[in-house]
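Reader: I am new to reading models like this one. Please walk me through it, feature by feature.

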Amino acid sequence: EAGSQVTVTGGDPRFVGQTGTVTEARRIRCFVQLEGREKPVYLFTSDVEPLAEETTELDATGTEG
């Protein structure tokens, strides 16, 4: 989803491990703006993972499966 913070986990090895912001999301591809790059990088959505949110639903209930 546009505006989401993600980490690059696949694709071009130059970008793996970097974090950025999704500028446009399509069905199987997305554009991610990485720090230090003028233009967004075009990646498969399977090559990015959203950054972990601070509180998950499981944490909010206080239960641990």
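Reader: How many bridges join strand β1 to strand β2?
Author: Two strands pair if DSSP finds at least two bridges between them. Here three bridges join β1 (residues 5-8) to β2 (residues 19-25), and the two run antiparallel. Within this pairing, Q5 stands opposite T21 in β2.

Reader: What kind of model is this, and how are its residues numbered?
Author: This is a predicted model, numbered from 1 along each chain as its sequence is written, where local features need pLDDT of at least 70, side-chain atom pairs count only at pLDDT 80 or more, and totals for chains, interfaces and linings use all residues. Side-chain values use heavy atoms, with hydrogens and water left out.

Reader: Which strand does β2 join through five bridges?
Author: That is β3 (residues 29-34), and β2 and β3 run antiparallel. They form a hairpin with three residues between them. V22 stands opposite V32 in β3.

Reader: What is the order of elements along the sequence?
Author: Helices (H or I, at least four residues) and strands (E, at least two) are DSSP runs, numbered from the N terminus. This protein has one helix and five strands. The pattern reads β-β-β-β-β-α.

Reader: How many salt bridges does a search of the whole structure find?
Author: Side chains of opposite charge can pair when their charged atoms come close. A salt bridge is a side-chain nitrogen of Lys or Arg within 4 Å of a carboxyl oxygen of Asp or Glu. The search finds two. One joins the side chains of D12 and R14, at 2.8 Å, N to O. In the other, R26 meets E24, with the closest N and O atoms 3.0 Å apart.

Reader: Is R14 buried or exposed?
Author: Buried means under 20% relative accessible area, exposed over 50%, and partly exposed in between (1.4 Å probe, protein chains only). R14 is exposed because its relative accessible area is 56%.

Reader: Why do R26 and E24 count as partly exposed?
Author: R26 counts as partly exposed because its relative accessibility is 44%. E24 is at 35%, so E24 counts as partly exposed too.

Reader: Where is D47 found, and what does D47 touch?
Author: D47 is in the loop between β4 and β5 (48-50). Contact means heavy atoms within 4.5 Å. Not counting residues up to four places away in sequence, D47 touches T7, V8, T9, G10 and G11.

Reader: Which side chain of opposite charge is nearest to D47?
Author: For charge, Lys and Arg count as positive and Asp and Glu as negative; His and the chain ends are not counted. The nearest such side chain is R29, 6.2 Å away. D47 is buried yet has no salt bridge.

Reader: What about Y42: which strand holds Y42, and which residues does Y42 touch?
Author: Y42 lies in β4 (residues 41-44). Leaving out residues up to four places away in sequence, Y42 touches R26, R29, C30 and F31. Y42 counts as partly exposed because its relative accessibility is 39%. Y42 and G11 are 31 residues apart in sequence and 9.6 Å apart in space, C-alpha to C-alpha.

Reader: How much of the protein is buried?
Author: Buried residues make up 20% of the 65 residues. Among contacts between residues at least 6 apart in sequence, 27% join residues at least 24 apart.
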